[in-house]
Amino acid sequence: WRPEHRSLLDQLAEEAFAEAESRGVAGKALLWEMQQEAIRSDLEAFLEADAGLRGRFGVTPHLVEVGFGLRHAADGDPTLPPAERQVPDVGALRFGGAVDRVDLDPSGRVALVLDYKTGSASSYEALKKDPVDAGRRLQLPIYALALQNILGEDVTVYAAYWFVSARGKFVLLPPEPVGLPQVAESFDAAIGTIAQGIAAGLFPANPGAEDRGGFANCGW
């Protein structure tokens, strides 16, 4: 990152701060000052962490905010095609969403899909053992599927959540990004179970057990 990049980041932060103040959502002055300093610190740390991540995987940013299977509000035209998966005993399932960032290696044959998270990584710890957390975390295989369609079958696509704040300690989860072939069986089982339940009209009113913060799945 060059000095002009850091200056631009500072400028964008100041504009965002001013916009928050103009909308009256900044809160008490002293706490707002502390929050701004925390944000500036996170932004500076992000640049260092980003340089480390790109160096570790040998990639550079290629795409950001990639929409697939969505529609523009203005003209109704679709964005990139939906991610489609043929699931045994279910049929074709199609997904829409938006990917935060896609990096490529110099050959263009290896892609790293990153989903930014700004909170704590504690509720994602299960990904260290199970990349889909028993069907609770399906973003990564869906994003990998979407980017495989976009980039072509000759590109190897990996995906990971990246916690881009001091609170999240800038960790990557799973620690080694996963490709769809690695999780295909558990992914298909999860989305197949969900789809079959929806088709059968099964919507059990079970919010799940409390997490470490004391909230059930519907807590928010």
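D89 counts as exposed, at 78% relative accessibility (exposed means over 50% relative accessible area, buried under 20%, and partly exposed in between, with a 1.4 Å probe and protein chains only). D89 sits in the loop between β2 (83–87) and β3 (91–95), and its phi is near 65°, a positive value in a residue other than glycine. K169 is another exposed residue, at 66% relative accessibility. The place of K169 is the loop between β6 (156–163) and β7, and its phi, near 60°, is positive in a residue other than glycine. Strand β7 (residues 172–178) also holds P174, which is joined to L173 by a cis peptide bond with omega about -10°.

A word on how to read all this: the model is predicted, so local features need pLDDT of at least 70 and side-chain atom pairs count only at pLDDT 80 or more, while totals for chains, interfaces and linings use all residues. Residues are numbered from 1 along each chain as its sequence is written, and side-chain values use heavy atoms, with hydrogens and water left out.

**The chain as a whole**

The chain has four helices and seven strands. Helices are DSSP runs of H or I with at least four residues, strands are runs of E with at least two, and both are numbered from the N terminus. Reading from the N terminus, the order of elements is α-α-β-β-β-β-β-α-β-β-α. Along the principal axes, the C-alpha atoms fill a box of roughly 55 × 45 × 40 Å. Of the 220 residues in the chain, 35% are buried. Among contacts (heavy atoms within 4.5 Å) with a separation of 6 or more, 63% are between residues 24 or more positions apart.

**Two helix pairs**

Two packed helices are described by the angle between their axes and the distance between the axes. Here the axes are lines fitted to C-alpha atoms, for helices over the stretch in contact, and angles run from 0 to 180 degrees between N-to-C directions.

Take α1 (residues 3–22) and α2 (residues 29–57): their axes come within 11 Å and cross at roughly 150°. That makes α1 roughly antiparallel to α2 (angles over 145 degrees count as roughly antiparallel, under 35 as roughly parallel, 65 to 115 as roughly perpendicular, and the rest as oblique). The crossing of α1 and α2 is right-handed; a crossing has that hand if the near helix is turned clockwise from the far one by less than a right angle, and is left-handed if anticlockwise. From α1, the contact uses R6, L9, A13, E14, F17, A20 and E21, and from α2 it uses W32, Q36, I39, R40, L43, E44, L47 and E48. By class, these residues are eight nonpolar, one polar and six charged. Nonpolar here covers Ala, Val, Leu, Ile, Met, Phe, Trp, Tyr, Cys and Pro, charged covers Asp, Glu, Lys and Arg, and polar covers the others, Gly among them.

Now for the second pair. Helix α3 (residues 139–151) packs with helix α4 (residues 180–199) at an angle of about 125°, with the axes 10 Å apart. That makes α3 oblique to α4, and their crossing is left-handed. The contact is made by P141, I142, A144 and L145 of α3 together with L180, V183 and F187 of α4. This contact has seven nonpolar, no polar and no charged residues.

**Salt bridges**

Side chains of opposite charge can pair when their charged atoms come close. Counting a salt bridge as a side-chain nitrogen of Lys or Arg within 4 Å of a carboxyl oxygen of Asp or Glu, the total comes to 16 salt bridges. Here are some of them:

| Pair | Closest N and O atoms |
|---|---|
| R2 and E4 | 2.6 Å |
| E14 and R40 | 2.7 Å |

K117 is buried, with a relative accessible area of 17%, and D115 is buried, at 4%.

Elsewhere, D50, R54, R101 and D103 are linked in a network of salt bridges.
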